[in-house]
Amino acid sequence: MKKRSKQRPRKEGNPDLRRQRQTPALEIPQLVEELKEYLNPCLFTPLKYVPGNHDKLMRERLLTLPVMVALVLSLVYRQIAGLSDAVRVLKEEGLLWVKPLKVSKQALSKRLMNFPAEIFAVLLKKVLEKRRENAAEIPLEKQWETVRKRFSVLWIADGSTLEQLRKRLKIAPKESGELAGKMMVIVEALTQIPVTVWYEENSRCNDKIWCQELLEALPKSGLLIIDLGFFCFGWFDQFTQENKFFLTRMRAKTAYQSQRVLSRGAYYRDEIIHLGKYRSNPCHHPVRLVSVLWGKTWYYYLTNVLDDEQLSPQEVCDLYRRRWKIEEAFSLTKRLLGLAYLWVGHTNGVQIQILATLIFYTVLNQLVGEVAIALHQPKEKISVEMVFRSLYYVAKAVLRGENPDVVTYLAERAKLFGLIKAERKRHREKDAISRQIWEPVPLS
C-alpha cells in the first residue's frame, strides 16, 4: 500500500510578496507621452525652490530632480523589481525623458534616503489637479448619477499599515526590520481616484490622529465614508456644525435614544436618534440610524444626513458598502503596483514610493475611465487589474510595429483580455437579497 505523501506546509507571510515581477515591463510610447503630459520636465525647475532646508540636497548632480522623478515613476510603471534592476535599465535604455545614464546602486539608495519627499507630494497634487481638469465624464451606474449631484464630493478615507522595512544595504538605518509606517488615503467613492495621502512613521498609531486633517480637507456639503476606527461623538458634532456629512457604522453597545422613525419595512428601520444616552458628554446633534437585516445579520449605519430624500435608506446601505473600494485600491497599489515591496529601508524613501505609486495609479485610473467610455460601460465594471496586465500585449504590438492607440486596442479586445468584470453567482445572490429588502411590499 502506497504511503500518502505529506501535505505541503502552508506558506506563511504576506501573499502580496510571492509574485514579484523579475523582468521590467516594456515601455509603451503613448503611455510615456501621457506621463510626460502630466509631469512635464519643464515644470520641475520651480520645485527646486520648495520651502525647506533642501538647498544642499537640490544642488546639481547626476541624480537631479528630472532623473529622480523618471526613475521612481519607472520603478512603478514598468514594475522594476528593485534598485539594482533600475540602475541597469537606466544605463542600458534610459527611462522616460532621461537618456542612458550610469549611476551606482549605493548612490541611488542614498538619494532616496535624503531626497525631499515634499517634492513628490507637490507633483501628486499637480497630477490630481490636471486629472480633474482633463478627465472626461466617467460613466457611472444610474443609481449613483443622482447621488453624486446631491453632495459636493463623495470621499472614502481609511488607513493602511505598510510592510516591513528590510535591510538590503549596509547603509540602511537602524529601524530596518520594523514596519514601514502607516498611510491615510482619501479616494473618490465612485471612481477610486486618489484625493490626497498622509504618512505617519508610527505604524501603531490610531486612525483618529488624522481626524482634524480629514475634516479640514472635506469641502462643505461633502460626504466622507469612514469605518469604526473614527467613531467619536465630538467629531460627529463637528461635521454637523460645519455643514459636512459622514457615513459610518454604529459601534456595538452604544447607547442611544430614538426620536422618530422615518420609515420601516420587514427588513429595515430608518430613524433619527440621539447618541450617548447614558454618557456625561453625549452627541449634541441628532444623527440618523439605518438598520438593515442582511441575510441573518443586522447591520447598523450611522450618518448625519437627516433628510431621507437627500439620501434614502437603501442609498445609505449601498454607499457604505462601497467603502470596500478603498480596500481594493490598497490591494491594487500594494499587490499590482508593487507597494508591498519597499525599495529602501528608510522612511523617506517609503514616502517617495507611496507618492510615486499614487501618481501612476491616478494615470492608470484615467486610462480605465477612457476604456469604460469606449466600451459604454460604467467604470466600476472595468477591471483595473486586467487593464494594467493587458498593457503587456499593447507593448508587444508596438514591438511588431503596429503602434496602436492604447484605448482602442484594449476596447476591441475587451472580451479576450477579460476587461469587463463577469457577473458571478454571489453578485446575483446579493442583488436578490437587496431586492427583497428594499422593494415595496404590494398592498393586499
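The accessible surface of the protein chain in this predicted model comes to about 23400 Å², and 49% of that area belongs to carbon and sulfur atoms. Of the 444 residues in the chain, 50% count as buried. The secondary structure consists of 15 helices and nine strands. Among contacts between residues at least 6 apart in sequence, 63% join residues at least 24 apart.

Rolling a probe the size of a water molecule over the atoms shows where empty space is left. The largest pocket has a volume of about 1800 Å³. Its lining comprises 40 residues, and those closest to the centre of the pocket are Arg321, Lys325, Glu328, His427 and Lys430. Two or more lining residues come from each of the helices α6 (142-150), α9 (313-321), α10 (324-336), α12 (384-399) and α15 (425-438), and likewise from the strand β9 (297-303). Of the elements involved, α10 gives the most to this lining, with seven residues. By residue type, the lining of the largest pocket divides into 21 charged, twelve nonpolar and seven polar residues.

Is arginine 322 buried or exposed? With a relative accessible area of 8%, arginine 322 counts as buried because its value falls under the 20% limit. The side chain of arginine 322 is joined to that of glutamate 380 by a polar contact of 2.5 Å. Leaving aside residues up to four places away in sequence, arginine 322 touches Trp144, Ile156, Ala189 and Leu190 as well as Glu380.

The second residue is proline 404, which is placed in the loop between α12 and α13 (406-412). The relative accessible area of proline 404 is 16%, which is under 20%, and proline 404 is therefore buried. Which residues does proline 404 touch, not counting those up to four places away in sequence? They are Gln30, Val394, Ala397, Val398 and Tyr409. Proline 404 can also be related to proline 29: the two are 375 residues apart in sequence, yet their C-alpha atoms are 9.9 Å apart in space.

Methods
Residues are numbered from 1 along each chain as its sequence is written. This is a predicted model: local features need pLDDT of at least 70, side-chain atom pairs count only at pLDDT 80 or more; totals for chains, interfaces and linings use all residues. Side-chain values use heavy atoms; hydrogens and water are left out. Helices (H or I, at least four residues) and strands (E, at least two) are DSSP runs, numbered from the N terminus. Buried means under 20% relative accessible area, exposed over 50%, partly exposed in between (1.4 Å probe, protein chains only). Contact means heavy atoms within 4.5 Å. Accessible areas come from the Shrake-Rupley method with a 1.4 Å probe; for residues, only the protein chains shown count as cover. On a 1 Å grid over the protein atoms alone, a cavity is a set of points where a 1.4 Å probe fits but cannot get out, and a pocket is an open set with protein on both sides within 12 Å along at least five of seven lines; lining residues have an atom within 4 Å of a point. Grid points are joined across faces, edges and corners, and a volume is the space filled by probe spheres set on the points. Ala, Val, Leu, Ile, Met, Phe, Trp, Tyr, Cys and Pro count as nonpolar, Asp, Glu, Lys and Arg as charged, and the others, Gly among them, as polar. A polar contact is a pair of N or O atoms within 3.5 Å; within protein, one must be able to donate a hydrogen and the other to accept it, and residues adjacent in sequence count only if both atoms are side-chain atoms.
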